[in-house]
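Colleague: I am new to this structure. May I put some questions to you as we look?

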Amino acid sequence: MLESIPPREEDKILRLMKLFADDPRVGKIDLGVGVYHDADGRTPIFSAVKQAEQRLIETQESKGYVGLAGDPAFHRAMAGLVLGDLAETMPFAACGTPGGTGAVRQGFELMKLAGNPQRRIWLPDPSWINHGSILDTLGIPRADYRYYDAETGGVDADGMLADLAKAAPGDVVLLHGCCHNPTGADMKAQDWAALTKLLAERGLTPFVDLAYQGFGDGVEADVSGLRTMVAALPETIITVSASKNFGLYRERVGCVLAPCADPKARDMTHAALAWLNRQNYAFPPDHGARVVTTILTDTGLRADWQDELDGMRARMKENRTALAGELRRLTGSDRFGFLQSHKGMFTVLGLSTEQVLTLRKEHGLYMVEDSRINLAGLTDATIPPAAEAIAAVL
Ligand code: LMR
C-alpha cells in the first residue's frame, strides 16, 4: 500500500532551508524562511522566555493533561494581546493549537463544520503558500482577490474591494492581520474600514491570520485595523502564532480566537474547536503556551519581552533602509523604494524566477522563488554583497 502513495509537492519555503544548508559556499546568504536572525545570524531565545521557563521548572508540579482547548489562562492572555479591551467586552471562543499553522488548519476545518460545501474562502493574491495548500488538502473551495499592486509596491485597495464585492454571502475572506506574507504591503486604516463595511454589507466572515504582531509598527499598532473590524462585525476567526514574536518556533505555540457577538455562537464555536483538537491531536502542546502566559501576565517579564521585540523590529527596519539605500546607489533609481514602506520581515522584490535562480546559483543568495526576502536574514556585512548581487541580475 505505502509504495502507492504519490509524492506530494514540496513546500517551496521549506525546500529552500535544505538547499541553503547543503550549499558549501562561504558567504552564502539566507533570505528564505521566515525566521528571525540577529546581527550575528543567530535566532536568539528571548530573555523573558528563558526566565519564564526557569520559573516553570521551579514551580510546575504536574505534566498532567490540561483541557482539550488548552489552558483558559493562555486564551485570556492571547485575547488580551490581540484584542485589547475588546477581550473584556466581547465573548470569544478560543483554543490552543500547535503553532500558527495548526491554528490555520483548525480555523479552516471550523469553516467545514459550519456546513455549506459551496462556501468559498477568498485569499489575497499572493498569500502565504501554505494557505492554498492546506485548503486544497481539505477540499475547501477557494478564490483569489487582488491584493498587491506591483507597480506601486502597495495594496491594490480598489481591486481588492471590487473582487470581494463578487463574493457570495456566507463566503469567508482571509486577511493577514499585519506584515503581509509574502509582500510586506499592509492595508492602511482606511482600507480596513472600507473592507469592514463591505464585509458587513455582503455578509462575509473575516478570517484573519496574525503571525507577526509586533514586527510591523508595534504590538498595539499592528492590530488596530483588526480590532476595528472585530468590533464592527458579528464574528471573526483569528489565527495567531507566537512563533515569531516570542521566538518560540519549535515549541509550536498558537491559538484560534473567534470573537462572536452572540454568546450562543461563541459556546458552539468553542465546543467545535475543542472537538476538532480531539480529532486531530487531542490536547494542544502546553509548554510554550505556558511560557507565553507567564510572560504576558507578569509586568516585569512583559516589559522585558516588549523591549526585545521592539529591538528586533528596529533592526529589521534598519536593514530595510540600508538595503534600499544600497540598491538606490547601485541602480541609480528608486525602483526598490517600496522596501521602506513595507512592514515586517518580508518584501517581494519583483524579480523573475529566472533572476531568483541566478542569484541562488551564481551569488549564493537565497530567496523564495516569488522573490520574497526575509529582511532579518541580512546583516551589516551582507547588505552590500546582497545588493550588488541583486543589481547584477537586473
Ligand atoms: C514563512 O513564511 O517563511 C514562515 O511562516 C515559515 C513557514 O512555516 O513557512
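Colleague: Is Asn116 buried, partly exposed or exposed?
Modeller: This is a predicted model, and the values here are computed from it. Asn116 lies in the loop between helix H5 (99-113) and E3. Its relative accessible area is 35%. Buried means under 20% and exposed means over 50%, so Asn116 is partly exposed.

Colleague: What is the phi of Asn116 near?
Modeller: Most residues other than glycine have a negative phi. Asn116 is a residue other than glycine, yet its phi is positive. The value is near 60°.

Colleague: Which loop holds Arg252, a residue with phi near 60°?
Modeller: Phi of Arg252 is positive, and Arg252 is not a glycine. Arg252 has a relative accessible area of 30%, so it is partly exposed. Its loop lies between strand E9 (237-241) and strand E10 (254-259).

Colleague: What is omega near for the peptide bond from Asp125 to Pro126?
Modeller: Most peptide bonds are trans. The bond from Asp125 to Pro126 is cis. Pro126 sits in the loop between strand E3 (121-125) and helix H6 (129-138). Omega of the bond is near 5°.

Colleague: Where is Pro182, which a cis peptide bond joins to Asn181?
Modeller: Omega of the bond between Asn181 and Pro182 is about 20°. Asn181 is also one of the residues around the ligand. Pro182 itself is in the loop between strand E7 (172-176) and helix H8 (189-202).

Colleague: Which residues are around the ligand?
Modeller: By class, the shell has four nonpolar, two polar and two charged residues. It draws at least three residues from each of domain 1 (10-45 + 307-392) and domain 2 (65-297). The residues are Ile13, Val33, Gly34, Trp128, Asn181, Tyr212, Lys244 and Arg372.

Colleague: How far is an oxygen atom of the ligand from a polar backbone atom of Gly34?
Modeller: A polar contact is a pair of N or O atoms within 3.5 Å. An oxygen atom of the ligand is 3.1 Å from an N or O atom in the side chain of Trp128. For the side chain of Lys244, the distance from a ligand oxygen to an N or O atom is 3.0 Å. For the polar backbone atom of Gly34, it is 2.7 Å.

Colleague: What share of the area that the ligand exposes alone does the protein bury?
Modeller: Start with the ligand taken alone. It then exposes 260 Å². Of that, the protein buries 83%.

Colleague: Which residue's backbone oxygen does the side chain of Arg313 reach?
Modeller: Arg313 is found in helix H12 (residues 299-331). Its relative accessibility is 11%, so Arg313 counts as buried. Its side chain reaches a backbone oxygen at 2.8 Å. That oxygen belongs to Gly214.

Colleague: What is the radius of gyration of the protein chain?
Modeller: The chain has 14 helices and 13 strands. The globule rule gives 21 Å for 394 residues, and the chain's value is close to that, so the chain is as compact as a globular protein of that length. Its radius of gyration is 21 Å.

Colleague: What percentage of the residues in the protein chain is buried?
Modeller: The C-alpha atoms fill a box of roughly 60 × 55 × 55 Å, taken along the principal axes. A residue is buried when its relative accessible area is under 20%. Of the 394 residues in the protein chain, buried residues make up 54%.

Note on methods: Residues are numbered from 1 along each chain as its sequence is written. This is a predicted model: local features need pLDDT of at least 70, side-chain atom pairs count only at pLDDT 80 or more; totals for chains, interfaces and linings use all residues. Side-chain values use heavy atoms; hydrogens and water are left out. A residue is near a molecule or strand if one of its heavy atoms lies within 4 Å of it. A polar contact is a pair of N or O atoms within 3.5 Å; within protein, one must be able to donate a hydrogen and the other to accept it, and residues adjacent in sequence count only if both atoms are side-chain atoms. Accessible areas come from the Shrake-Rupley method with a 1.4 Å probe; for residues, only the protein chains shown count as cover. Ala, Val, Leu, Ile, Met, Phe, Trp, Tyr, Cys and Pro count as nonpolar, Asp, Glu, Lys and Arg as charged, and the others, Gly among them, as polar. Domain bounds come from an automatic or database domain assignment. Helices (H or I, at least four residues) and strands (E, at least two) are DSSP runs, numbered from the N terminus. The radius of gyration is taken over C-alpha atoms; the globule rule is 2.2 Å times the number of residues to the power 0.38. Buried means under 20% relative accessible area, exposed over 50%, partly exposed in between (1.4 Å probe, protein chains only).
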